Amino acid sequence: MAAPIALFVFRRPDKTRATLASLARCRGIENIDLYIFCDGPRGTRDEQAVADVRAIVEAFDHPRKTLVISTENQGLARSIIAGVTRLCEQYGRVIVVEDDLTVSPAFLDYMNTGLDTFADDPRVMQTSGFAFARSNASPNSTARFLPVTTSWGWATWERSWHNFDPDARDTDALRSNYALRSRFDLGGLFGYYDMLQKQEAGRIDSWAIRWYWSVFRRDGLVLYPPISLVRNDGLNSSGTHTSRSKLLWRGLNHELPESSPPMPDQVAINQASLAELASIVDPLFYRRARNLLRCLLFRVNLTMQTLMRGPR
């Protein structure tokens, strides 16, 4: 069964138009229910842009389109939580797209194949259309699993979303267990724990960090394509991404693949992809870790040789 699409739009008419155009090129979209969730303006300064976006989505030609109009501003987090919950309860699964994404014509093929293939495996909690930049990837390479969620073009099942904890409870384990906290941060590559603390303190309102925590605490896995089927066109120099994290988006302006990658045979973390992610995010960190490992191995070998020779 094809999953419905939940498209979330707000006040970016040009981005919304581009996202809809890319979705229109997806194979089989005419047979898929499309729900467009339109958030309300935050004030008078948003009213014109919001009205322009609504005119665009109202004019978008799709035989199975449903508009969900909010007269008040819900904010992205509340909008996504409510929309995903509604469609998961109604359909049992959902594909989620935001209004700054351009997707490949193969995006829906891949997402629905992943949803069908792993529908009954509780270890798999999300499928991602996005992939981190890779220099040696091929569109025909097999999709792979990583232990981290994404917010750029994704899908899930009701069985997984049922475990979503909007209150992000039971985080004391991260505070008291350094090893667990390090694993949550993917070995220190990302500041997810800091982000979760900001969420708890009310300094940010992120559905994504709460979703990641919900998946992490159940050892959930996420399916990723070998080459990104999604491009984020909302990134610019005024964004809040750090210089280190920008390495992730390097090379993501490539031509989006036209075909869907094959599914993996095994449900397990792809360690090679995880190591490659480390080399992308922090090359210096990766080199230090590699050199430290080589040094330790040298010392172990030297000690073993000394023991084998015995006392003189």
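In S4, which residue is the bridge partner of Ala6? Select Val96, and you have that partner on screen. You're looking at a predicted model, where local features need pLDDT of at least 70, side-chain atom pairs count only at pLDDT 80 or more, and totals for chains, interfaces and linings use all residues. Numbering starts from 1 along each chain as its sequence is written, and side-chain values use heavy atoms, with hydrogens and water left out.

**Stop 1: the sheet**

Switch to cartoon view. The protein has 12 helices and 10 strands; these are DSSP runs numbered from the N terminus (helices are H or I, at least four residues; strands are E, at least two). An open sheet with mixed pairing is formed by 8 strands, in the order S3-S2-S1-S4-S8-S6-S9-S7. Its edges are S3 (65-69) and S7 (144-146), each pairing on one side only. From one strand to the next, the twist averages 25°.

Now select residues 5-9 and 93-98. These are S1 and S4, paired in the parallel sense over 4 bridges. Two strands count as paired if DSSP finds at least two bridges between them.

**Stop 2**

Angles run from 0 to 180 degrees between N-to-C directions, with axes fitted to C-alpha atoms, for helices over the stretch in contact (contact means heavy atoms within 4.5 Å).

**Stop 3: H9**

Go to residues 207-216. H9 lies across S4, S6 (124-128) and S8, at about 140° to S6. Because 9 of its 10 residues are buried, H9 is largely enclosed by the rest of the structure. Buried means under 20% relative accessible area, with a 1.4 Å probe and protein chains only. Among the buried ones are Trp207, Trp211 and Trp213. At the start of H9, show Ser206: one of its side-chain oxygens comes within 3.2 Å of the backbone nitrogen of Ala208.

Across the protein's 312 residues, 47% count as buried.

**Stop 4: a cavity**

There are 2 cavities of 30 Å³ or more. A cavity is a set of points on a 1 Å grid over the protein atoms alone where a 1.4 Å probe fits but cannot get out; lining residues have an atom within 4 Å of a point.

Technical notes. Buried means under 20% relative accessible area, exposed over 50%, partly exposed in between (1.4 Å probe, protein chains only). A polar contact is a pair of N or O atoms within 3.5 Å; within protein, one must be able to donate a hydrogen and the other to accept it, and residues adjacent in sequence count only if both atoms are side-chain atoms. On a 1 Å grid over the protein atoms alone, a cavity is a set of points where a 1.4 Å probe fits but cannot get out, and a pocket is an open set with protein on both sides within 12 Å along at least five of seven lines; lining residues have an atom within 4 Å of a point. Grid points are joined across faces, edges and corners, and a volume is the space filled by probe spheres set on the points.
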